[in-house]
Amino acid sequence: MRAADQPLVLGTDDRSIGQAADLLAAGRLVAFPTETVYGLGADATDALAVARIYEAKGRPRFNPLIAHMASLAQAQAEALFSDKALRLAERFWPGPLTLVLPRAPGGQVSEIARAGLDSVAVRVPGHPHARALIERLGRPLAGPSANRSGHVSPTTPAHVLADLAGRLAAVVDGGPARVGVESTILSCLDDRVRLLRPGGLARGDIERLLGEGLADPEPGSGDAPLAPGLLGSHYAPEARVRLEAERPDTGEAWLGFGADPDGLADGPTRLNLSPEGDLVEAAANLFGMLRRLDAAGVAGIAVAAIPGHGLGEAILDRLRRAAAPRVAGG
Ligand code: TXA
Ligand code: MG
């Protein structure tokens, strides 16, 4: 870790934007200006880089992140737009509006950025230098607000540094955020448009365009970001998950962490989140490996003990939900 390093403060000239894009392409974290609040950016297609966001924020669980796009065309490569979603995007982008949409087949946003969901939150930010940075990177930019978990969202580079200095490579100084509150989040996963979070775009403007009222989040669905506990039933693998296992029982797959138990034979149902015991690497591998083991059709998955500090807390939160008894229909 380079925790003692002070982040670079970069301007918005071409050279600085290029430097910020290079850092992102190398898997580093760069805070970036948007018109709402500053975001803590990572290459959304790089699972390890995205895991570093959760580590830097100290988030106790894997909330899905917004994937920021340079254009509607780029968003359309990642998400499936209904007619209503397309009208909203064409009218309000670039701007303080995030759309939660079904993920497009072939989309590149990593599973950890989506917290394992089959939907993806996309937005084209109104700040021109946010778009310049994303365009230069050539990939979607995953970014929650650039504050430690539980703190208020930052609207200046100074706020970002006060909260996260030592935890990111650079901040692009695009001036104070104009809107100052987060984007409005709508889900368009069925024929209703649902308001998941009020924000910088007013409900009335949206309802006028659609010619209909916004619906509430569907209870118990995966699209209620203000009640992430509701995501539980969407997270469960088919296989029974057994935590703090010492070794797999007969018929169980193995998901290791650190050194594997003596005498464990290699095989397609023997995976290790991080043989070195690195929690950031483990977080980056978690969703993909769970899915691979589950797809192998095993009855159960035995998971090695994982320490609860740092990203371990979010990893264990995810695993405990996977291990919890199923709710009906989940
Ligand atoms: O203005 C903003 O929205 C700022 C700037 C940086 O873009 N970003 C921001 O991100 O506020 P964050 O991570 O603090 O809030 C994003 C919200 C979370 O509550 C998350 O649960 C929700 O978006 N979200 C993301 N993907 C989702 C999905 N697939 N389904 C439901 N909710 C989702
Ligand atoms: Mg936030």
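**Labels set against their cut-offs**

Modeller: Let us start with Glu 244, which is found in strand 11, where helices (H or I, at least four residues) and strands (E, at least two) are DSSP runs numbered from the N terminus. This is a predicted model, in which local features need pLDDT of at least 70 and side-chain atom pairs count only at pLDDT 80 or more, while totals for chains, interfaces and linings use all residues. Residues are numbered from 1 along each chain as its sequence is written, chains are lettered from A and ligands numbered from 1 in the order in which they are written, and side-chain values use heavy atoms, with hydrogens and water left out.

Biologist: Why is Glu 244 called exposed?

Modeller: Its relative accessibility is 66%, and the rule calls a residue buried under 20% relative accessible area, exposed over 50% and partly exposed in between (1.4 Å probe, protein chains only). Glu 244 therefore counts as exposed. Its phi is near 50°, a positive value in a residue other than glycine.

Biologist: What makes Ala 115 buried?

Modeller: Ala 115 has 1% relative accessibility and so counts as buried. Ala 115 belongs to the loop between strand 5 and strand 6 (119-123), and its phi, too, is positive in a residue other than glycine, near 50°.

Biologist: Why does Glu 212 count as partly exposed?

Modeller: Because its relative accessibility is 27%, Glu 212 is placed in the partly exposed class. Glu 212 sits in the loop between helix 7 (203-210) and strand 11 (240-245). Neighbours within four places in sequence aside, Glu 212 is in contact (heavy atoms within 4.5 Å) with Lys 84, Val 193 and Glu 207. The C-alpha atoms of Glu 212 and Arg 192, 20 residues apart along the chain, are separated by 9.5 Å.

Biologist: How do you know that Ser 274 is buried?

Modeller: With a relative accessibility of 0%, Ser 274 counts as buried. Ser 274 is placed in the loop between strand 13 (270-272) and helix 8, and it touches Gly 256, Phe 257, Gly 258, Glu 281 and Ala 282, residues up to four places away in sequence not counted. Between the C-alpha atoms of Ser 274 and Asn 285, eleven residues apart along the chain, the separation is 8.0 Å.

Biologist: What makes Ala 142 buried?

Modeller: The relative accessible area of Ala 142 is 1%, so it is buried. Ala 142 is found in strand 7 (residues 141-142), and among the residues it touches, those up to four places away in sequence not counted, are Leu 40, Val 50, Ile 53 and His 68.

Biologist: And why is Gly 27 called buried?

Modeller: Gly 27 counts as buried because its relative accessibility is 2%. Gly 27 lies in the loop between helix 1 (14-25) and strand 2 (30-32), in contact with Asp 46, Ala 49 and Arg 52 once neighbours within four places in sequence are left aside.

Biologist: What is called a nonpolar core here, and which residues have the most contacts inside the largest one?

Modeller: A nonpolar core is a set of buried Ala, Val, Leu, Ile, Met, Phe, Trp, Tyr and Cys residues joined through side-chain atoms within 4.5 Å. The largest has 80 residues, and Phe 62, Phe 81, Leu 88, Leu 99 and Val 122 have the most contacts inside it. Helix 8 (residues 279-295) gives the largest share of this core, ten residues. Another core, of 17 residues, lies apart from it and includes Ala 20, Leu 24, Ala 70 and Ile 134.

Biologist: How do you know that the radius of gyration of the protein chain agrees with that of a compact globule?

Modeller: The radius is taken over C-alpha atoms, and the globule rule is 2.2 Å times the number of residues to the power 0.38. For 330 residues a compact globule would come near 20 Å, and the protein chain has 20 Å, so the two agree. The C-alpha trace spans about 60 × 50 × 30 Å along its principal axes, the chain has nine helices and 14 strands, and 52% of its 330 residues count as buried.

Biologist: Which peptide bond is cis?

Modeller: The bond from Trp 93 to Pro 94 is cis, with omega near -10°, and Pro 94 lies in the loop between helix 4 (83-92) and strand 5 (97-102).
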